[in-house]
Amino acid sequence: MAEVAVEMFARKAKSADVTTSLQRFADLHRDCASRAKHLKLALDALCVQEKRQFIDDYSFETFHLVDELLLQGDLTQAGQAVLEAESALWTLEQLLCLAPELIGNGWQKHAIEFVLKKALFPHNLLAVRKIAIRLFLLWYQSLAIYNNTNSQLDSVFQCLLPHFPLRSGLSTESILQNYCQAVGTVSAPGPMRSSPLINNPNSSAPTVKEKAQLLQVYLDKFLEYCTRETVRLEWGDENKRLDCAKFIVDRVIVLYIYETFSDIETNGVDIYGGWEGTEEHTDIRDTADPIVIARYWLIRWMTTIASSNESEPSSGGQALYKQALFSSRKATNTLLTLLKEAVLLPLPCSNVIHKVFALVRSWLLQRDIPPFVADSSVSIESLSLLLIHFLTSFFHSPYLTTCGDRLSSAIALTQGFLQTARDLSNPVPPLPQPLSSRFWCELIRSLADGIRVVTCRSDAYGRATSGALAQNLLVVFVFVRAVRGIEIEERIWDDVLSVFQSGCWVQMIEQWSRVVDIVTRALILNVFEADIAPLSAVQSPPVANIRRERTEETIRTEDDTSVELGSEDSRSEAEASVEDENAQINSVVQSAGDSNVWLRVWMRIVNLVSPLHAAHSQLAIQTVSRTIGTLLRVSGTDALVHWICARLLVLPVAAQAHCIPAFCAVLSSSSPPPLIQAHILIALTRALASEQCSAVFENMPSMSHEHLCALAKPTLNALSQLVKQFHYSPRSIQVAALLAPDHDAAETLLLDLVASNAPEISLQSHALALNALALLVIERADTALMFDVLGRIRNLRGSSRLLHLFCSDLNQLARLSRSDKLIELLERTLELVNEECWAGELLWQSVSLSLNEVSPRRPLLDRVVHDRRSCLEGMMLTYAHQFPLTSFSLAQCNSAEYLQKDGSHTNGDQLISRRVFVDQKSAILSVDHEDGVRVTCRTVVGKHCWRFKDEREPCRRSGNVNKWLRKLATKPRNVVRKESSTRTPIDDPFQGLPQLPRTLETEPIECSDMYSFIQQNRRVLVRPSSGQRSLAEEQSSQTLVDENSSLWRSLVSDFRLFSSTRQMPPNFARDLRHLDQISSREVHKVAVIYVAKGQEVR
């Protein structure tokens, strides 16, 4: 047989080395080590089908090599024995992988079992036991395909892992050792000796920590081998791989998961039958407990398979096992049960809980549809409801109350869950398969129940997450009810309300306040169609930074020892920053949904927290007040403002002191109800009599006159107390000014304040009071009050500055025809002011007012001249129509006046001959129109001569109208349609006109003479010839007025100079010559600032 096989391979034109290796391997007389080496060389050179054919043909020789290597290992030294054992196990692995049909049919079953017993012996090295587990899994599933397994092999499969917890309480090590030491009845190759293949030199008993670590290592490798080794079996029929995967999944469920979860068979999830299992009390277990370790790794393995993606690299085994997992209802229900149990694991197992949350998230958001939903075995709504219950059961975990140093893990898990809830409720992007209102109601109810359990406890977890939980509950409710428009049962809202009624953390109220601000903006957008930006003064309360710190999760034993549970990377989707969360919360502000629904949702959310609750009364009042201010920024919101204000009016008297800004804002709204006005005014009256009077003063300027009058008496009492105690503020002085026009007491307060020279009164307070009194003087035009104030402030500190301020405030009196009184006040003030700078300012103000009068006051002129204020003197001379005085010559600035060159006139006549003089008060204009038009202007500045020239532009006529009329005339007429017989006749519009009297209609007019004249007339219109010209045309061609005179007439008409033309008096020419030769006293000040290079900083 061997010779035929060698010839067969030789005929395939293999290389000489491969043929030689095949011959040497088939030679049973050669050394076993040499045969093993040539077997490796031959298999490396063959493809998979050739390997299967080779093993099938050389199966006896292959197993003979295994037996010989094991015998050789027993007879050699320890170091060489390891090599021989490694070669033997490798050879057996090739036999199991490449000939599964042969092995599955029971070929060499007992012999292979004997070899595996030696390898599975508990006292073997760890590496040998890992290889033995892989070989046993290959052999076990191959036998299962042909129904060659038995209960003993099932027991061995269950006891492959050391220290695995069995419900019977037996030790897996003892069971496995008894199995390996048992001697079979059928002879097997090699010596009949029950001993380890390679003995482990460490024979000491392991500690609790070492047992936990050993169990983790074996569980990790065992479950990895289950997924990986199945695809290594080279079956002729590929469907048998799926059968192997189904068998392994079933054995893991029955022999491992059922052992770990004792009630899973009776209380597990049945998604097909609608059973979710009952809620039972979960005992708190130590993380080093073998039960916890086993649950962790089994849940992790099942979740990894269920969430695997075929597009991921190295996912062949997982894709196969995923198909096997969802092909069985039993396996599917077991998976869902493990997802339920995962959220109740200890917090050091948070990485596997994150895996479960990620799988649930992909199913809830319908990014990945599980096969049992895709084939319509289960509805998407049933699965979604089940998954929501899984997630919310996390809040009932007993480990949250004692999280300790695992608080960051608990916060990270909570953030991941809340992120899923927000994304699910947000309609953007939409779900591929819509869910019914039953699901959304259950989502809010389950979320509210879980959050109520957490927030009513006073522990570290509740303190860290209460704000985020309350915020997300409200955001989900707004998304579902307002944005999606889903009808919600009333009892669901009661569940949300109970969360805030039973909560004990102030963070919840802070987040409620934040949500109220956002929902108010959304309400304004959807109801009033106005998108307003948030108030800059509103500072959002800090959000708990629920950011995970990824470290290697560890489990801790009672003696403070730690055991690693894995170091996986957490999901980046759940690691959202605070900015991302803020963006998602602000996404509530969108124009979507019905306006009435938005209004009801807003009212419900506002009513969640009562200002009557003493613990958070102040924060609730601030929120309601801020909401009132936001609503008043938009017109049409007065009804909502009045409604929400009623919540503040029911507060106790002490609490209403914090509502003063809101009350004043409501009074400024449009038509508040009389009852609300009365309650607000009563509250403000009480506040004015307390220490909160300053808060009322701050808002009184925005009140109406009616409300100010209602509050006048208590306000004046409060002001008088403040003035006595010198505790007044600028706003209180402004309030006194508002009350002063109607109440003498307020005016008296201001006057007393102005007259007081107490050191507690600052200069600013005096200035504010003077401004207020100046307004009163202007409003009443009360000059008596003006002089009264002047008499009160003359003796104050810094009176000069205050006097100047008071006089400046009264400038408006000039517009009220009280300039004389104001000038009189300035004259008196100038006598009181000693400081030069303020005296100069007052003098300038006096001169400016005097220039508006017909004749300036003599004392003022004397003061200007006496003080040698040249600038003021020049201004008075310039603007008071005074001719210049002798001091300043302007001859060099004069223009050369045009004089006649014919010499026919004398020197005096040249100035006035054929000229027109115009009086412009501050200037004398002389116009000469003989040779062009020249205008000479004489002012206090000098003499200037101007020449005018007529500029004419040809008139452009627009032909658009003519073109339109021509086009309209050439347009064809429309054909008149015949009227229908059924059309009603149109009334004659002329019937409504007044008719002639009947007497005129009956008496005809005599017109026979005119008629006969028309008939006898034979006149014909004759057009004139081209050579003839009419008299009118001849007359029009003659120029009646010369060009210069016509230009002069246009100039004098355009500038309206006719009324100012004057007759020249005698000796006028002499006066003009004298005027041209005298000088002016006006002074021009010019300042030049020069900064040299390098002196910029000096």
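N147 is exposed, with a relative accessible area of 68%, where exposed means over 50%, buried under 20% and partly exposed in between (1.4 Å probe, protein chains only). This residue sits in the loop between α9 (126-145) and α10 (151-158), and its phi is near 55°, a positive value in a residue other than glycine. Helices here are DSSP runs of H or I with at least four residues, strands are runs of E with at least two, and both are numbered from the N terminus.

Before going further, a word on what you are looking at. This is a predicted model, in which local features need pLDDT of at least 70 and side-chain atom pairs count only at pLDDT 80 or more, while totals for chains, interfaces and linings use all residues. Residues are numbered from 1 along each chain as its sequence is written, and side-chain values use heavy atoms, with hydrogens and water left out.

Q366 is found in the loop between α18 (350-364) and α19 (371-374), but at 6% relative accessibility it counts as buried.

Now step back to the whole chain. It has 51 helices and seven strands, and buried residues make up 47% of its 1098 residues. Contacts are heavy atoms within 4.5 Å; among those between residues at least 6 apart in sequence, 73% join residues at least 24 apart. The accessible surface comes to about 57600 Å², with 51% of it belonging to carbon and sulfur atoms; such areas come from the Shrake-Rupley method with a 1.4 Å probe, and for residues only the protein chains shown count as cover.

For a look at one helix, turn to α37 (residues 744-755). Its twelve residues reach 16 Å from the first C-alpha to the last, close to the 16 Å expected at 1.5 Å a residue; the expected span is 1.5 Å times one less than the number of residues. Buried residues in α37 include L749, L750 and L751. The buried residues of this helix pack against α35 (712-725), α36 (730-739), α38 (763-780) and α39 (783-793).

W107 lies in the loop between α7 (100-104) and α8 (109-120). Leaving aside neighbours within four places in sequence, W107 is in contact with S59, F60, F63, L95, L102 and I112. Further along, the loop between α21 (407-425) and α22 (437-455) holds N426, which counts as buried because its relative accessibility is 15%. Beyond four places in sequence, N426 is in contact with F479, R484, S587 and Q590. P429 lies in the loop between α21 and α22 too, and a cis peptide bond, with omega about 0°, joins V428 and P429.

An α-helix has 3.6 residues a turn, so residues three or four places apart point the same way. The side chains of D449 and R445 meet in a salt bridge (2.7 Å, N to O), the term for a side-chain nitrogen of Lys or Arg within 4 Å of a carboxyl oxygen of Asp or Glu. D449 counts as buried at 16% relative accessibility, whereas R445 is partly exposed at 23%.

A search of the whole structure finds 28 salt bridges. Some are linked in a network that takes in E93, R134, K221, E224, R228, E229 and R232. Within it, the side chains of E229 and R232 meet at 2.9 Å, N to O. E229 is buried at 0% relative accessibility, while R232 is partly exposed at 29%.

Finally, visit W946 in strand β6 (residues 943-948). W946 is exposed, with a relative accessible area of 52%. Together with F948 and F1055, W946 forms a nonpolar patch on the surface, with about 350 Å² of accessible area in total. Patches are made of residues with over 30% relative accessible area and no salt bridge, joining like charges within 9 Å and nonpolar side chains (Val, Leu, Ile, Met, Phe, Trp, Tyr) within 5 Å.
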